[in-house]
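These are my notebook entries on the structure shown below. I set down what I looked up, in the order in which I looked.

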Amino acid sequence: MLQWLPENVSTFGQSVDTLFYIIYYITLVVFILVMGTLITFLIKYRHREGQKASYIEGSTTLEIVWTAATTVIVFGLAMLSYPHWNKIKSPNEFPENPEVLVQVSGKQFNWDMTYPGPDNEFGTADDLELENQLHVPVNAVVHIRLTSVDVIHSFFVPQLRLKQDALPNRFINVWFEATKAGRYEIPCAELCGFGHSGMLGYLNVHSQADYDAWVKERWPQ
Amino acid sequence: MHDNEHASHHHEESFIRKYIFSLDHKTIGKQFLIYGLIMFFVGGGLALMFRWQLAYPERPVPIIGASPQYLEDGEVVTGADKMWERIYESEEEEWLEANMPNGVIEPAFYNMLFTMHATIMVFFVVVPILVGAFGNFLIPLMIGTRDMAFPILNMLSFWLAVLAAIIMAIGFFVPGGHAAAGWTGYAPLSSDPQWTGVEWGQNLWAISLLIQGFSSLVGSINYITTIINMRAPGMTLFRMPLVIWSLFIVAILLLLAFPVLSSALALLIFDRLAGTTFFTATAEGGGDPLLWQHLFWFFGHPEVYILILPGMGIASELVPVFSRKPIFGYRSMVYAMIAIAFLGWIVWGHHMFQSGMQPVLGSAFMTTTMLIAVPSAIKTFNWLGTMFKGSIRFTSPMLHAIAFVSMFVIGGLSGIYMANTPVDIFIHDTYYIVAHIHYVVFGGSLFAIFGGIIFWFPKMYGRYMNDVLNKIHFWLTFVAFNCTFFPMHILGVGGHMRRISNPMQYEFLQGFEGMNIFITMSAFTLGAAQLILVFNFFWSMSRGKVAEKNPWHVNTLEWEAPTPVPHGNFVGQVPTVYRGPYEYSVPGEESDWIPQAQPEHAHATGGD
Ligand code: HEM
Ligand SMILES: [Cu+2]
Ligand SMILES: [Cu+2]
């Protein structure tokens, strides 16, 4: 089933995929065991003339065993996930000194990208605004200041394994590092009105040389 | 305790008192059942409309859509074309023209369709049937009393639900259309008409849910009081059937959860009509859109357990009866439900992992959510334990109970993926969630409802439902259900967002066209299969084979009452309870069942 996952092109995407696979195999085994047991019971203990069911009211030992076993498994999964979650979403664990800082703002029904320009400060004359096009270099840390001017949108790049809601009047920081050049879609994943379907931006991941050329073209000094 | 004072004395009642403004819990239960079944078709019809759009985006829906010839050169070939011709010629802006010109579903209309589908299914189908119908019908009968504690409140509860349904229905026809912000109604999309163009639709949505909330509150107070105070002699708490436990716990959850939704809805109405900004962040301050999400999900997660617990209760009745065995681990089943009810209050943040909530909170909510999988697992293992060394009869109710258990397993397991915060980054707001929801609510609650209807039908209407039709309905539903909803997991893994009207707008979703068509075909089959159930239901009411008093040989008290159950339920005194509800196949007994009301040491002949 997991071969349907889109290609992963971010550094932390591997964490998501690995956890996905771990859970997939655990739940697959549980599913097969439970369904196997169920089907066996259904066949083996189907009603036959003259045969009576056994009177069994329960078993404390078994109750303890399966309560403990599930608790251990789910807690184990949780423990396993904390560091990955923090790595992706906790601002104090983001890699510092990003090569690129961009503000992405959801607006019915577009993504407005704002580059702070060479001074690296928003709200100055050298800011660059682009509609629906995000340009970043490959293998570089990118920080995004995510916000919205109207309703809630959700910034989703399937190939980066990144999704974060964009809220009005709030700036939420996200980061990523793309590992492969290319053009990726940025759909909006949170219902935002009649134009939600089709609200779509593009992430253009360039080679370093191409990116430098793009920067030169935009901010010729 | 109640005794035989107002036993089954009959006074003549007018038709209106008996069938419409009835105070009898059984009639009110049946009213809720029929109400829920009608709404089930409304909700299902809406779903089929948007499923069409997902499979064949921008193509006219069948039957009422215009023909290709008409679209191409205006040549009128079908009746539908004639209708469109008339609509375009008329001066006024007609409803159909605004929402689906030529029969093609407009994006705004699409949003309305899925919003109303979910709203109706959750608040007007599953809760009314599980809680309203089964709760009302079963509680007094199964605990051995003559009626609910407050019959007038009970009637009020039903008629408030009718009022809520009428208001919800009106919303479809107001200018601006019905609510279109999702059943979760996230602010500020829902709180300010400028973002959707929806005016009174959203207001009516909120008002209707407020009223539906009052209906549930009134009902839940009634259930709690009745179960605490009016149990038959000998019916201790731990001799109560598990379905009664589940309804008791659900009533408490409803009582505590609905006021939270009601306050959120009230604030929403203030925001929309009085210019407050509870859910809008403005430069001058004001509120916060996340406040809505916290309030909604603080209600919403207990609500999803309200949707499943009675289903678990029903399964816990059906599995022992048709395995002819005691339920495995009765007490652990009760404690698991209580644990779910407690844990259900501290997991709401799992719906908000990607909302911008503090990541530390995300980890905390992941932990509690993982924990809630434990009682769910306990229940599953206990159902399996109940079948172990049983003598399983594959009756139609049992088939539904088995389907319930297996589908709930899938729904519970898929929950673990989403509870895992890193994985949820990817699958949040995709079809993965849609698959999960439907495995628990359709695969879970609805299969339990179907099983319960077939099982208690003989007590409700004194007749059996037609078994051949039941079996056909079951197999069609089971297969079509899985064909419809299982592939949605795959769509989710592919990143297919939920709530989009045209997946073909995205390059990365191009490969899913075939799967979407397959899902839609299966969904139409699934919808058609439900016609069999409803036909069978209404046909069997008057034509079904007449049932004896206790056709499935069940121990619980509802089967002590004569069929059809008279006003006051039991003839003579209410029964006295001597034992737990699941004494099947007791060693040394001749019969494989001992009714709860059968005195000790009496010769075990098995009732009747
Ligand atoms: C093992 C138990 C369960 C776990 C671990 C679990 C976990 C979750 C999680 C984490 C989400 C949020 C996913 C997201 O939005 O990204 C979710 C959504 C949902 N769950 Fe469950 N769940 C469980 C059982 C149930 C049950 C029993 C029901 C109802 C009968 C249910 C109904 C829902 C619904 C309706 C939603 C989606 C709400 C929406 O966004 O529209 N779940 N579940
Ligand atoms: Cu959107
Ligand atoms: Cu939840």
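**Entry 1: strand S5 of chain A and its partners.** I began with strand S1 of chain A (residues 100-107) and found that it pairs with S5(A) in the parallel sense, over 7 bridges. I note here that the model is predicted. For one position in this pairing I looked up Gln103(A), whose bridge partner in S5(A) is Arg145(A). I then turned to S5(A) and strand S8 of chain A (residues 172-177), which pair in the antiparallel sense over 6 bridges. In this pairing His143(A) stands opposite Trp175(A) of S8(A). I also asked how many residues of S5(A) are buried. Strand S5(A), residues 141-148, has 7 of its 8 residues buried and is thus mostly covered.

**Entry 2: the sheet of five strands.** I next looked up the order of the strands in the open sheet of 5 strands in chain A: it is S3-S2-S1-S5-S8, with mixed pairing. Why is one side of S3 and of S8 left without a neighbour in the sheet? Strand S3 (128-131) and S8 of chain A stand at the edges and each has a single partner strand, so one side of each has no neighbour in the sheet. From one strand to the next, the twist averages 25 degrees. I checked strand S2 of chain A (residues 110-115) and S3(A) as well; they run antiparallel and are joined by 4 bridges. The bridge partner of Thr114(A) in S3(A) is Glu129(A). Helix H3 of chain A (residues 208-218) packs on this sheet and touches S1, S2 and S3 of chain A. The direction of H3(A) makes about 115 degrees with that of S3(A).

**Entry 3: the sheet of three strands.** Chain A also holds an open sheet of 3 strands, in the order S4-S10-S9 and with mixed pairing. I recorded strand S4 (133-137) and strand S9 (182-187) of chain A at the edges; each has a single partner strand, so one side of each lacks a neighbour in the sheet. The twist in this sheet averages 25 degrees from one strand to the next. S9(A) pairs with strand S10 of chain A (residues 200-206) in the antiparallel sense, over 6 bridges. Ile186(A) stands opposite Gly201(A) in S10(A). Helix H3(A) lies across S4 and S10 of chain A and runs at about 125 degrees to S4(A).

**Entry 4: two helices of chain B.** I then examined helix H6 (residues 107-143) and helix H7 (residues 151-170) of chain B, whose axes come within 12 Å and cross at roughly 165 degrees. Angles over 145 degrees count as roughly antiparallel, and H6(B) and H7(B) are therefore roughly antiparallel to each other. The crossing of H6(B) past H7(B) is left-handed. On the side of H6(B), the residues in contact are Met116(B), Thr119(B), Phe124(B) and Asn136(B). They meet Asn154(B), Ala161(B), Ala164(B), Ala165(B) and Met168(B) in H7(B). I sorted the residues of this contact into 6 nonpolar, 3 polar and no charged.

**Entry 5: a loop residue of chain B.** Is Ile327(B) buried or exposed? I found Ile327(B) in the loop between helix H10 (289-323) and helix H11 (330-343) of chain B. Its relative accessible area is 2%, and buried means under 20%, so Ile327(B) is buried. Not counting residues up to four places away in sequence, Ile327(B) touches several residues, including Glu57(A), Leu242(B), Trp383(B) and Tyr582(B).

Definitions and conventions
Residues numbered from 1 in each chain as written. Chains lettered and ligands numbered in written order. Predicted model: local features only at pLDDT ≥ 70, side-chain atom pairs only at ≥ 80, totals over all residues. Heavy atoms only, no water. Buried < 20%, exposed > 50% of the residue type's maximum accessible area, 1.4 Å probe, protein only. Pairing = 2+ DSSP bridges. Axes fitted to C-alpha atoms, helices over the stretch in contact; angles between N-to-C directions. Parallel < 35°, antiparallel > 145°, perpendicular 65-115°, else oblique. Left-handed = near helix turned anticlockwise from the far one by under 90°. Contact = heavy atoms within 4.5 Å. Nonpolar A, V, L, I, M, F, W, Y, C, P; charged D, E, K, R; others polar.
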